[in-house]
Amino acid sequence: MSNNNAKPSKKASPLLDSPSDDEKFMLRCIQIAKNGLGTTAPNPMVGAVIVHEGEIIGEGYTSRYGGPHAEVNAVNSVEDQSLLKNATIYVTLEPCSHYGKTPPCADLLIKVGIARVVIGLLDPHEKVAGNGIKKLKEAGCTVEVGVLENECKEHHKRFLTNCIKKRPYIILKWAETADGFIAPDLEQRSKTKEPFWITNTRSRQLVHKWRSEEPGILVGTNTVMADNPKLNVRDWTGKQPTRIVLDKNLKIPAGFHVYNGKQHTIVCTEIEDDKRYNPKVTYNIVNFEADLVHQLCNILYKEKIQSVIIEGGLGTLQSFIDANLWDEARAFKGPNNFGKGLSAPKIEGQTVKQIQILNDQLTIIKND
């Protein structure tokens, strides 16, 4: 593949070989928290488990954005509320201590009398940042922090990147042929208007699942002009991502799918002309000649897009790689050959997983 410089993955955490009871319950928190993937952003997708005398009596995960947090759902799921005073709650992230769309979760845990709180990870958000733990301790709760901290960091990677680095978690995605091309040359493409599929239907369904899990999907002008993509979720059920389209000179025709108004769309352009703007679209002015990738990250952060899939084309993908502004790459390799065409991106990183999907191979690379 084009990622020949990718390093082999590290061994799994030894904690997972023979986990303690606390680790087992925290693993369960992470497991159920994934039910919120794609719906909680910009809030973190937290998992909470309540245990009494070694038995789980309540569970919850963060509701769709604006709804109750994981701790609230877990407490409400407990049938015998009298057990809470002698129970332990496990949470992947420090309970919030401030009023937002919902009241502070730390206050709720104090109110119901939870005796012990086990936290996977401190919340770095400026409105929390240890204040939830402080509240709990001052109320007499026993608080332990750092159980499966690395696993919780991986689970909350989108939220942490957004909160600490002030940019979205960036996922690069492409498909390449066995001989290393992501698209045929112009001569081949001119002979047919049909899509040149590199991967099988199972791999393409997985991509639609990914689209439902991330709030943004970004492409360049050439990809839109060549493929007229919808950039939506079709072969899966879930929330539609915001489309981010780079169109320096507003050359994409008005009838293209990205302008259909069926999902939120942001166009980044240099043209400041309201008369040429589509009323169904949000426009952001950028300078394509000056550090475009950082400008895009700032726009996405401002728009509260916590994570984004960069789907192409080659120039767009490579620009993020060259700027070293990416967190994860997902590269498919199909069995067919183009012979000639547009070469796949060149990337270095740590290969963390390789998955066989029928006759395709998926490689997951992390930026180390």
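A: A term to begin with: a crossing is left-handed if the near helix is turned anticlockwise from the far one by less than a right angle, and right-handed if clockwise. Helices (H or I, at least four residues) and strands (E, at least two) are DSSP runs, numbered from the N terminus. This is a predicted model, where local features need pLDDT of at least 70 and side-chain atom pairs count only at pLDDT 80 or more, while totals for chains, interfaces and linings use all residues. Residues are numbered from 1 along each chain as its sequence is written, and side-chain values use heavy atoms, leaving out hydrogens and water.

Q: Great. Which crossing does H3 make as it passes H4, left-handed or right-handed?

A: The crossing of H3 with H4 is right-handed.

Q: At what angle do the axes of H3 and H4 cross?

A: Roughly 15 degrees, with the axes of H3 (residues 105–112) and H4 (residues 131–138) coming within 9 Å. Axes are lines fitted to C-alpha atoms, for helices over the stretch in contact, and angles run from 0 to 180 degrees between N-to-C directions. H3 and H4 are therefore roughly parallel to each other (under 35 degrees; over 145 is roughly antiparallel, 65 to 115 roughly perpendicular, the rest oblique).

Q: And which residues meet there?

A: From H3, Ala106, Asp107, Leu109 and Ile110 meet Gly132, Lys135 and Leu136 of H4, where contact means heavy atoms within 4.5 Å.

Q: Switching to the sheet: what's the strand order?

A: The order is E2-E1-E3-E4-E5, an open sheet of 5 strands with mixed pairing; two strands pair if DSSP finds at least two bridges between them. E2 (55–61) and E5 (142–145) are at the edges with a single partner strand each, so one side of each has no neighbour in the sheet.

Q: How many bridges join E1 to E2?

A: There are 6, in the antiparallel sense. E1 also pairs with E3 in the antiparallel sense, over 4 bridges. Isoleucine 50 stands opposite glycine 58 in E2 and opposite isoleucine 89 in E3.

Q: Is E1 buried or exposed, then?

A: Buried: 6 of its 6 residues are, so E1 is largely enclosed by the rest of the structure. Buried means under 20% relative accessible area, exposed over 50%, partly exposed in between (1.4 Å probe, protein chains only). Gly47, Val49 and Val51 point one way from E1, while Ala48, Ile50 and His52 point the other way.

Q: Last one: which strands does H4 lie across?

A: H4 lies across E4 and E5, at about 150 degrees to E5.
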